[in-house]
Amino acid sequence: MRRAAAKSRELREIIAGKGFELNESKCVHVGAAIGTGVHAGAAYVMNDKKITGEPCRAKDMADVGIEKFHKEMVGGIEFDGTSQNANNSDLQIQSISKMFCFAVAPKINPVEVEKALPAKVTVDFGIMGHADVIADEGIIDTKTGVRLHSYHANMGGYRIVARSNDIPKETLKNLIINWIPRTRINSKRVLAQKPPQTICYNPLECEDEAYSQLYMIIEQVMKFVQSGDPASFPRNPMSMMCSEKWCPAWGTEFCKMTK
Ligand code: SF4
């Protein structure tokens with residue numbers, strides 16, 4: 001949580017206000033950069049579909065996605081075994097875009113795309129959520145990781161903000177993840193894209209998970225605001241992200257054990 005606090009734009013201001021200087025960490029992991037690119041491309045074609053009703057075009061999505069991916073790379077990027085260089089990554093964005101436009105987008109009738117929606121959590125704290133798409137079919141998010149993780153809190157947060165903003169009740173019944181795996185290019189330079197999977201979450205379980213995490217974060221922030229003690233945010237030195245490259249608190253007074 002301390003690393004997350006050090007990375008959060010809102011909390012960085014509070015941390016600086018207590019006299020702590022954090023590092024700028026601009027390096028991104030290729031998985032996150034591809035995800036950001038795909039999201040930009042998907043938002044572009046979904047918006048277009050919302051306005052025109054026309055099917056999504058994979059080339060448009062890939063063009064927007066690749067442009068965004070290259071912007072993400074500017075501060076430095078760490079490639080991995082699945083996406084070994086920028087060329088691999090561009091091909092993967094094209095492949096995911098094709099899969100999204102042919103297999104996922106036709107099932108979505110968008111009402112709002114990446115719309116910022118606020119909600120109060122307590123009297124003093126609120127959140128802002130930007131679900132990928134709020135559609136007739138539900139609240140829908142696209143994931144592009146190599147593996148599928150648990151996104152219950154994430155989706156629960158989207159439901160909380162949607163519920164606070166007059167989104168039709170029918171839509172709130174479905175929380176849907178479309179996972180299009182980032183797929184490795186094999187030794188013959190062929191990318192056999194793995195097909196997408198659609199996962200539906202239980203909305204009430206997701207909200208419970210979101211509230212439990214939000215209350216925990218609020219408690220830690222309140223503690224820090226009152227005490228100015230970085231220990232208000234638990235450390236996780238076992239994390240793979242505990243390094244100068246990935247954590248803005250590394251080697252600073254905000255996380256003294258790494259000094
Ligand atoms: S340096 Fe390591 S332990 Fe400290 S906040 Fe960052 S990730 Fe957590």
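Leaving aside its neighbours within four places in sequence, which residues is Ala-210 in contact with? They are Ala-153, Gly-156, Gly-157 and Ile-160. Two residues are in contact if their C-beta atoms, placed from the backbone, lie within 7 Å.

This is a predicted model: local features need pLDDT of at least 70, side-chain atom pairs count only at pLDDT 80 or more, and totals for chains, interfaces and linings use all residues. Residue numbers start from 1 along each chain as its sequence is written.

**Ala-210 and the helix pair**

Ala-210 sits in helix 8. Helices (H or I, at least four residues) and strands (E, at least two) are DSSP runs, numbered from the N terminus. Ala-210 is buried, with 23 other C-beta atoms within 10 Å. Buried takes 20 or more other C-beta atoms within 10 Å of the residue's own, exposed 12 or fewer, and partly exposed lies in between, with C-beta atoms placed from the backbone. Ala-210 and Ala-153 are 57 residues apart in sequence, yet 4.1 Å apart in space, C-alpha to C-alpha.

Two packed helices are described by the angle between their axes and the distance between the axes. The axes of helix 6 (residues 152–163) and helix 8 (residues 203–227) come within 7 Å and cross at roughly 95 degrees. That makes helix 6 roughly perpendicular to helix 8. Angles under 35 degrees count as roughly parallel, over 145 as roughly antiparallel, 65 to 115 as roughly perpendicular and the rest as oblique. Axes are lines fitted to C-alpha atoms, for helices over the stretch in contact, and angles run from 0 to 180 degrees between N-to-C directions.

Helix 6 contributes His-152, Ala-153, Met-155, Gly-156, Gly-157, Arg-159 and Ile-160 to the contact. Helix 8 contributes Pro-203, Glu-205, Cys-206, Glu-207, Glu-209, Ala-210 and Gln-213. By class, the contact has 6 nonpolar, 4 polar and 4 charged residues. Ala, Val, Leu, Ile, Met, Phe, Trp, Tyr, Cys and Pro count as nonpolar, Asp, Glu, Lys and Arg as charged, and the others, Gly among them, as polar.

**Helix spans**

The expected span of a helix is 1.5 Å times one less than its number of residues.

| Helix | Residues in helix | Span, first to last C-alpha | Expected span |
|---|---|---|---|
| Helix 6 | 12 residues | 16 Å | 16 Å |
| Helix 3 | 23 residues | 33 Å | 33 Å |

Helix 3 is followed by Gly-53, whose phi is positive, near 75 degrees.

Glu-114 has a positive phi of about 50 degrees although it is not a glycine. Glu-114 lies in the loop between strand 3 (110–113) and strand 4 (117–120). Glu-114 is partly exposed, with 17 other C-beta atoms within 10 Å. Asp-166 is not a glycine either, and its phi is positive at about 55 degrees. Asp-166 falls in the loop between helix 6 and helix 7 (169–172). With 8 C-beta neighbours inside 10 Å, Asp-166 counts as exposed.

**Ligand shell**

The ligand is surrounded by 13 residues, and the closest are Arg-2, Arg-235, Cys-242, Cys-247 and Cys-255. A residue is near a molecule if its C-beta atom, placed from the backbone, lies within 6 Å of it. The shell has 7 nonpolar, 3 polar and 3 charged residues.
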